[in-house]
Amino acid sequence: MKKLTGAEIIWECLLREGVDVVFGYPGGAILPAYDAMTKYPQIHHVLVRHEQGATHMADGYARASGKVGVAIATSGPGATNMVTGIATAMMDSSPIVCITGQVGSKAIGTDAFQETDVTGVTLPVTKHNYLVTRPGDIARAIREAFYIAKSGRPGPVLVDITKDAQQLTAEFDWEGAAPKLPGYRPDLRALPSEYEKAVELINSAQRPVILAGQGIIKSGTTAQVLELADAARIPIAVTLLGLGGIPASSPLNLGMMGMHGEAWVNQAIQQADLLIALGMRFDDRVTGNLKTYAPHAKKIHVEIDPSEVNKNVHVDVALIGDLRDVLGEVLPKVKTNDRAVWWAKIAEMKGDSAVRDIQSLPDNGHLYAAHVINDLWRLTKDRDTIVVTDVGQHQMWEAQYYHHDQPRSLITSGGLGTMGFALPAAIGAKFACPEKDVWVVVGDGGFQMTMPELATAKQEKIKVNVAIINNQFLGMVRQWQEFFYDKRYAATPLTSPDFVKLAEAFGLKGVRVEKRGEVAPAVKETLKHDGTVVIDFTVEKEDTVFPMVPAGADLDKMIRRPKRDVMLEAGDDKEWEMPSSTLPNVFAEAKAEAAALAGANGKSARATAAKPAKKPNRAAAPQRAAKAAPKRAKPSRR
Amino acid sequence: MAKHTLIAYVEDVPGVLNRIASLFRRRNFNIESLTVGRAEQPGVSRLTVVVEASEHGARLVEANLYKLVNVLRVDDLTHKAALTRELGLVKVTVTPQTRSQVLQLADVFRARVVDVDEESLVIEVTGTPEKIGKFEMVLRPYGILEIVRTGAVAMARGHDKLSANPPLVRAEVAATRDHHPDASGLAMSV
């Protein structure tokens, strides 16, 4: 058996786990590992500019490829800088392995230079973690880390290795280091009786909706879910992280649900008599008010992690297990059904909103983010493209106006909502899929959190296309201030550097776009260019993401798109309606909206639009209606 | 909300107690008591955790415990025939006048006097947490100087085979067994 140093064992293990690229930043406590790296040229090391970037890159790599991403950092500050990226991966179930150096085992607990209790700090944000103090334990820790990271519900695992463990030698026994995890159960399966109950519920449902989450992408079951939905004619609503898991172009796909989902999708959920949740976890951003969530619906929850079941929403049947296995059991027993009445009702709820195409709206001289993203989609949809978004308004506009047809074509921080995620995650995604185009859609705020990673892109000579949606505001926070804090814009206006010159300073190409007509040429030019390009889209400053469910409000009580859409008619201040009823007012609202759109004169149509929606419901439940409307929110009419 | 007594078998590795404690804090579960000791197998520790939780909350606690990589098995003894015991040491002030009364009370509770000096007694009492609470109550008027309790340890009665699977994937426990408080334990003592 070979005797190797602990540092060499680290790389031997990574090689055997099939790792070809790692993202990292050297430092004192991890130096032995970096020194040994020179003997392993098969593994490419990407030098990041901040350890947070390393974890996001590993995360982006993992999400784009389905493999485990690896990030490396030193002890103390190196490791604590990773925490944000680890928590991001944890919330979105992304398989990454982080390897950190630690001070010598004798120095642990002495507050030595760059010492931090990293396993303690990362304990609540990792799936599992290890502190390794002996070279002989490294192989087993790393093997188990990879196994835990990718099996069951994936997640981040951290391996903290002391400097002396890296320096000392031990016998390297790969076979003998096979995972021994008697308490780890990644492959649970539901009882047969549960499948029977689920099938019965599906076959007897009149108004079922499938809630499609990221689990579909992770388990690669797009085809099976579509088969189920097609056989039983069940409409599918998608979560933010589930986008791409179900092709946007599928007629079975209603669209995104939740806070910024389409109104008809949320209404379909609220009126459903059965929800079939596939690999999603009923996050508060998709349920709204839990007390009024899908009140008529029985719920089937297909989930690999038993601790997610009954956490937020009580379910009638829980099918624990891998989605592929569960669908395999359920599919043959589902009866075909056309559910024509339900589909007709959904079509009615969609009303005119579904056919409105923002592309056909006239150019009024303003540049709106929605247009930028929609144009970007039209120009890139025939290419193999991955879009990586940051967090905020642009993220929601991307979700609404970029129509993803492929799994793993959208990478975004959903659970933790980490600003600064996009650029590094995109670099990671590009390493996973060098043959694909990678676009970063990022706000001016989030971009400035991790923009030094442009230097990483430059040094690595890779091409990511950065579309900055620059509205000179922390836009989503500004939107909340507009809605719920009487437009007091505390700390949201943002002065940015000249992004074009900035790109040039990094040795990259920068382009500025200020008019709608310039979008297409800029995108085409970017696609032609060899290296990374930064496009600064200077968009309308106080634009708003519609529709919106205010936090904690009922899911179908949305702030709808303005009656006179800002994109339809310029020059007018935005007008929107705060929902005030607790009862579904789908039809009243749809009618009013249609009337408002049809009416040539905005004002009279607007007046009628507001009334019928509110009156009947006020009479029905006056005190609850008052409660549902956030106090500070007042429609701003000027 | 009710008290739930959970038993967890965990791998005896560094940091495992930290993981359990961190889980309870992070998920906002309220620990009433937690004890750890060796189990019958080498390398395995046995925890008894008493939590204040609804039935639904208890299932979540259980599922979350199973999610920890080092946790081998969890049993909820709340609805099973089980023995729950705790040990308490009570240091109580005595005077020549009250000494015999205190000794008498200790006798009633089947407690043992383990230390005597001119002004105080240390009494060791075992039983259910309720019994120890009651013992503390009756001694309070005499002046308690110090009290220490170990926290509850519990064990199922009989030899039922218990499931080693998390909730939702194990078969329901046969029929609906009555809530089985530790009645015989109480009868034996007070």
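Q: Which strands does helix 12 of chain A lie across?
A: Helix 12 (residues 263-271) of chain A lies across strand 9 (208-212), strand 10, strand 11 and strand 12 (274-278). Its angle to strand 11 is about 110 degrees. Helices (H or I, at least four residues) and strands (E, at least two) are DSSP runs, numbered from the N terminus. Axes are lines fitted to C-alpha atoms, for helices over the stretch in contact, with angles from 0 to 180 degrees between N-to-C directions. Contact means C-beta atoms, placed from the backbone, within 7 Å.

Q: Where does this model come from?
A: It is predicted: local features need pLDDT of at least 70, side-chain atom pairs 80 or more, while totals for chains, interfaces and linings use all residues. Residues count from 1 along each chain as its sequence is written, and chains are lettered from A and ligands numbered from 1 in written order.

Q: What is the strand order in the six-strand sheet of chain A?
A: 11-10-9-12-13-14, an open sheet with parallel pairing. Pairing takes at least two DSSP bridges.

Q: Which strands sit at the edges?
A: Strand 11 (253-256) and strand 14 (317-320) of chain A. The twist averages 20 degrees from one strand to the next.

Q: How many bridges join strand 10 to strand 11 in chain A?
A: Three. Val238(A) has Met256(A) as a bridge partner.

Q: Switching topic. How many residues of helix 5 of chain A are buried?
A: Eight of nine. Buried means 20 or more other C-beta atoms within 10 Å of the residue's own, all placed from the backbone. Met90(A) and Met91(A) are among them.

Terms used. Two residues are in contact if their C-beta atoms, placed from the backbone, lie within 7 Å. A residue is buried if 20 or more other C-beta atoms lie within 10 Å of its own, exposed if 12 or fewer, and partly exposed in between; C-beta atoms are placed from the backbone.
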